[in-house]
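Welcome, and thanks for taking a look.

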Amino acid sequence: MGSSSSSYAPKTIYMDVDGKVGRYGKKINIPYKQLFIPSKEKEDMFQNVLSQVAEQFSRAFRTNELKTEVTNRLAMLEKRVELEGLKVVEIEKFKNDLKKLRDEITSRGGVRVNCNCKYNFTDDGKKLSPRRDVPSYPKYTLSQETIEALKKPTFDVWHWEHNEMLSCLEYMYHDLGLVKEFNINPITLKRWLLAIQENYRDNPFHNFRHCFCVSQMMYGMIHLCNLQTCILMTAAVCHDLDHPGYNNTYQINARTELAVRYNDISPLENHHCAVAFQILSMPECNIFANMEPDSFKQLRQAIITLILATDMARHGEILDSFKQKVDNFDFTNEEHVKCLKMVLIKCCDISNEVRPTEVAEPWVDCLLEEYFIQSEREKSEGLPVAPFMDRDKVTKPTAQIGFIKFVLVPMFETLFPQIEEIMVQPLRDSRDHYEELKQIDDAMSEKKKTESMSLGGKKK
């Protein structure tokens, strides 16, 4: 026993640290006999040992927490990588399916029956290819005289090339404060305007010059009305995008793809809206990229409402609704303001006769040319032909007199009672002009008829 007591034999000590009991015989080598030391030294030694043990426990717990956190993060990253991998697979599959569909369409000729729409939702993005370069249309510096003329209905739209009209539209967005208000990137604005121009066809009437004409009139109207300008201007710019040159009546009667797609309900106007927002869906052309989602949703709905209002089949409905509100019009009433905007874009869309005769009359020739192209096609396809579009039945005076008298004057009188001299009197003057032309035409027709009868009598 004596010899064994004198030799070193490690002992096991159990301690309670923060509520955890640990066995420390293998970690702390303290000879058993050294525990029998004076109480003060023993207390200091135990305190030192406890501090070391507590520190080791703390490190161990931190390591475990760190391991847990790292494990969780790795699991999240693995999940994200897995999801991203699935997305890549889905995207590649979609691309392959789309390529097969395009190849199939191409093999069948790639032509849509009875629909001449340049904008094709299934084509290879020819017209809506992203523009990552800086737009390069020549910058036209507007003189002060031009700036002032832009605000007036007397502005002559025939003197301007496409790049000059683009510069004018760009100026309007800056001048109205829209670039600053909506934080529009100036380069994006240029790209958007170029995409707009490229998606108007070279029709006799419904072309980019008509777009500019309507937008310029709206710009002038905005200076007369205290209204939200962005919706009005953007709707005016986009209101006839990709117009095929054949009206809704033809689309419906010919059962074109547009008519089928939109269930015969304003097929062209719905198409104009779709093309407008397809252009805006491209980041390179999205002038509203910095808007909040809810604000953009409201703006989108408002623009759609205005473009759909340009369908002349709804003319009576919209004007009657406005007449019911006009006597007690309330600018704080959303329905009243919406109705006003609808009438306003309608006025701009058909406002040519407000302009001077030398500016307005060429538009009539353009419209009749487009009408005659449609009526000839309708005849060849065995479809009904409207008398006002028939080359054999309509003349310029007969086409305009009724339209001015029964459509334009009542609407403009209702909307602009306080500025009749500027907006209504030119319409009356235009009506008188065409009535004089009609009298001349009638007199010529009567003379020819008399001469024909006279020649017929002599032959007998």
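## Helix H6

Helices are DSSP runs of H or I with at least four residues, strands are runs of E with at least two, and both are numbered from the N terminus.

At the start of H6, a side-chain oxygen of Asn185 comes to within 2.9 Å of the backbone nitrogen of Ile187.

How many of the 13 residues of H6 are buried? The count is 10, where buried means under 20% relative accessible area with a 1.4 Å probe, protein chains only. Among them are Thr188, Lys190, Arg191, Trp192 and Ile196. The cover over these buried residues includes helix H4 (162-175), helix H5 (178-181), helix H7 (208-222), helix H8 (229-238) and helix H11 (267-280).

## The nonpolar core

A nonpolar core is a set of buried Ala, Val, Leu, Ile, Met, Phe, Trp, Tyr and Cys residues joined through side-chain atoms within 4.5 Å. The largest one has 101 residues, and those touching the most other members are Tyr173, Trp192, Ile196, Phe212, Met218, Met233 and Phe412. H7 gives this core its largest share, 10 residues.

Leaving aside residues up to four places away in sequence, Tyr173 touches Leu178, Val179, Leu189, Trp192, Met233, Thr234, Val237 and Ile287; a contact means heavy atoms within 4.5 Å.

## Cysteines

With a disulfide taken as a pair of cysteine sulfur atoms within 2.5 Å, the count is 0. For Cys238, the nearest cysteine sulfur is that of Cys211, 7.6 Å away. Cys238 counts as buried because its relative accessibility is 1%, and Cys285 is buried with a relative accessible area of 1%.

## The whole chain and its confidence

The protein has 18 helices and 2 strands, and buried residues make up 41% of its 460 residues. Mean pLDDT, the predictor's confidence in each residue from 0 to 100, is 82, and 70% of residues reach 70 or more. Residues 24-37 fall below 50, and residues 108-132 stay under 50. Where pLDDT is low, the predicted coordinates should not be read in detail.

Local features need pLDDT of at least 70 and side-chain atom pairs 80 or more, while totals for chains, interfaces and linings use all residues. Residues are numbered from 1 along each chain as its sequence is written, and side-chain values use heavy atoms, leaving out hydrogens and water.

Definitions and conventions. Buried < 20%, exposed > 50% of the residue type's maximum accessible area, 1.4 Å probe, protein only. Polar contact = N/O pair within 3.5 Å; in protein donor to acceptor, adjacent residues only side chain to side chain.
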